[in-house]
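Please keep the sequence and the structure in view while reading.

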Amino acid sequence: MRSAPAKLHWEAAIRSLRLRVNLALWLEHAAPLFFAVGSLAGFSLYAMRRASPETGWIWWATAVTAGALAAAGLAIWRARRGFFTLVDARTWLEHRLGLDSALSAATAGVAPWPSPQTLPKTLRWKIGPACGWLAGALVLALAGALLPLPQRVQSDYERADAKAPALAETEAWLEALAQREIARPEDVENFAEQARGLGERTPEERYSHSALEAADTLRAQTAQAIRSLGANLENAAAALSPLERPAGELGEEELGAVAARLGEALRGLQEGPLAAREDLLEKLGAAANAAGLRSLSPEQARQLRQQLAQAGRAATGVVGAEGQGASVATADPDARLRVGACPGGGACVGTRPDGQPCEAGCVASGGVSRGPGHAPLAFRDEASDAGRGVTETVSADDLSRAALGELLGVERGEHELDAKQSDGPMAAGAITSAGQGGDVVWVDRLTPQERAALKEFFK
Amino acid sequence: MALNTSVLNEQEVATAKARFEALLDTLDTVLFGQRPLIELVVIGVVARGHILLEGLPGLGKTELVKGLARALALDARRVQFTPDLLPGDITGNPVLQEVDGRRAFVFQRGPIFANILLADEINRASPKTQSALLEAMQERRVTAGGDTHALPEPFFVLATQNPIELEGTYPLPEAQLDRFLFKIEVSRNSPEVLKRIVQAREIGVEPAVSAVMGASEFRELLGLARRVHVPESVAGYIARLVHATHPGESAAAAGVRYGASPRAALALAAASKARGLRHGRPHASFEDVQAVARPVLAHRILLDHGARLDGVTPAQVVDRLLEEVTVQTTPLPASLAAAKIR
């Protein structure tokens, strides 16, 4: 018998061959299953992206991995009867190499193991079909991941998830107010909590009538509170103006008036829905009596006035079009005047410059600014969809309230003309159009009874 | 006789191979240009099988058999089979003789009592005479007058038959065909071989053949052939091959009415062992099985009428079987193919 290395050499070759053959067989069975898993993964991925782009990824990945493992296991189970045994591999190898069954004889101990040799390639891969299945699975999975979603779907999602404009504006105001550190944080948080409470509703509830009313009211209250804060700060600043004169020029009576006016502004700043920040209140509190006022030098009074005036402008600017708050406030320059001008948050049309409530000009709350936006207006047969999955049409059920010349919308379009329609001159008895299809039949042809009647007539 | 499964050593294998080579070289001087035929005949004889040679007259069938007998120094008899040949003319007859002053029937041995019986044109004898050979071929003994007489050891029947002029002949029944290990078709010679025959031979003069081994050495060779190992995978291949000859068991067997018998499997194994030994191996291989499959199986496969009308031959069925039945139990998966080995 030859040495052990020869035996090890041939046994390793046999095992390697068996592994390759069984791998090929497994791949044959697994490839269609992987294609099925890849297809399902691709379709489910696409469906998930359409439905909800943020959730379910872990479950999806887990399901796909489990599916792939199950497919691999099923392939093993189905292919198990066709797997090469060591005897099969040995037989194949010795036959292909022309060893005259020397390996089988050596295994039986009848003959020595053949000398180790560099083994030629005995097998050739034909994995085109299997690769086709796998490539198909990969393409479908990638398509599910990369295929762009239809624009309408994204728009629907975004629209459905958007907050009511009044609520978004309110939150922006409160955020700006918090950043400027003018108001007491607890009070700002109190308003912000109310806004969050409205914002946490489901998209279906968010645009209910009551929710929209609540958002509008909160917006009006917030604007009113901010404006009140700004006005009180500016009043306090104005009250301090006389103190900037030299000390001797200010009499006791005038000093008392300043203290009274300052005290009134201080009460407003302390008791309003949005109180001023603590350090500002402390400074004002210390100065809001005659002794305190006397202790202020003209320079200190000037600094305090400037500080209060600046804070007041900043607070007013949060909700106004001017100043740094313009970007977060409504783009309508008259919004500051109109908001909250009417009871219940209604808007005031044709407001007075002083911003006082205008009962005659109040209109009911509501309007297109409340919802997710305008429904695309088009004079077509199909109804418009504003993105809520509900078609909407423009109609006037109560014609008594429709006014002539009322403009609902404008759209550029063209008439649909029938090019086949004949527009030539018509004369009595003439056929201006040959008609279409069977038209000519009843135009040109007469029934026997009609023909007989005509003959009788012209006889 | 129990199977002797002891493993052949290298010396025994080398000895056997040398004797094979000597015998083949000697027969090469008898029959020119028919080395494959000679090898099959020698392998068949060493496998202790009976051989049926089929071919046109004058191709050297009889000459080959006679040369084989002389080379092996065995007792050989020749019987020309004719329609009026009786069984007793082959096996022997009881003859009334006077023994110790009394008349008694004494068995007179026929020509079958030889090591090699050359049955020339066996298909010309009547079925009754042909059947007389059945017992002799299978059990290597003859029964006559209630007495059984053992045939000499070894005993081979080397029969010839002519595929033409079939009028008045009696085709061998399947049972008798099955007893032949090989049925070998003797092909005609090429011009080069004919030229060599013309130059080296003369009509009426038999070629001089010297014995290459004695009867005992030949018997030893037969014993060695029986000890050749058949690996399990090769045995499985033989079994699957024979099983696939039956209708419905393989695509190649379409048109087959009856497949090969278990005796065919034994014959395949025995012939493979002899061929393995002839190539200096202590074991049989798949290549041995494939090399002897056609002469072993072709005459054991019976085709139906449809296949015969389509011109299908049993040899073609065997060739297709060899292509269809793989050496390994499990077929290769479709995603793999055998690579060409340079």
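In which sense, parallel or antiparallel, do strand E5 and strand E8 of chain B pair, and over how many bridges? In this predicted model, strand E5 (residues 116-120) and strand E8 (residues 156-161) of chain B pair in the parallel sense, and four bridges join them. Within this pairing, B:Ile116 is found opposite B:Phe156 of E8(B).

In chain B, an open sheet is built from five strands in the order E2-E5-E8-E1-E9, with parallel pairing. Its edges are formed by strand E2 (76-80) and strand E9 (180-185) of chain B, each of which pairs on one side only. On average, neighbouring strands of this sheet are turned by 15° against each other, direction ignored. Helix H3 (residues 61-71) of chain B lies across strand E1 (50-54) and across E2, E5 and E8 of chain B. Relative to E5(B), helix H3 of chain B runs at about 170°.

The chain as a whole may be considered next. Chain B contains 13 helices and 12 strands. Of its 342 residues, 50% are buried. Where contacts in chain B link residues at least 6 apart in sequence, 75% of them join residues at least 24 apart. The accessible surface of chain B amounts to about 16,000 Å², and carbon and sulfur atoms account for 53% of this area.

Two packed helices are described by the angle between their axes and the distance between the axes. For helix H2 (residues 35-46) and helix H10 (residues 262-278) of chain B, the axes come within 8 Å and cross at roughly 115°. The crossing of H2(B) with H10(B) is right-handed. On the side of H2(B), the contact involves B:Arg35, B:Glu39, B:Ile43 and B:Val46, while H10(B) contributes B:Ala271, B:Ala274, B:Arg275 and B:Arg278. Sorted by class, the residues in this contact of H2(B) with H10(B) comprise four nonpolar and four charged ones, with no polar residue.

B:Gln328 is located in the loop between helix H13 (314-324) and strand E12 (336-338) of chain B. Is B:Gln328 buried or exposed? Its relative accessible area is 2%, and therefore B:Gln328 is classed as buried, the cut-off being under 20%. Leaving aside residues up to four places away in sequence, B:Gln328 touches A:Phe84, A:Asp88, A:Thr91 and A:Trp92 of chain A, together with B:Arg240.

Key:
Residues are numbered from 1 along each chain as its sequence is written. Chains are lettered from A and ligands numbered from 1 in the order in which they are written. This is a predicted model: local features need pLDDT of at least 70, side-chain atom pairs count only at pLDDT 80 or more; totals for chains, interfaces and linings use all residues. Side-chain values use heavy atoms; hydrogens and water are left out. Helices (H or I, at least four residues) and strands (E, at least two) are DSSP runs, numbered from the N terminus. Buried means under 20% relative accessible area, exposed over 50%, partly exposed in between (1.4 Å probe, protein chains only). Contact means heavy atoms within 4.5 Å. Accessible areas come from the Shrake-Rupley method with a 1.4 Å probe; for residues, only the protein chains shown count as cover. Two strands pair if DSSP finds at least two bridges between them. Axes are lines fitted to C-alpha atoms, for helices over the stretch in contact, and angles run from 0 to 180 degrees between N-to-C directions. A crossing is left-handed if the near helix is turned anticlockwise from the far one by less than a right angle, and right-handed if clockwise. Ala, Val, Leu, Ile, Met, Phe, Trp, Tyr, Cys and Pro count as nonpolar, Asp, Glu, Lys and Arg as charged, and the others, Gly among them, as polar.
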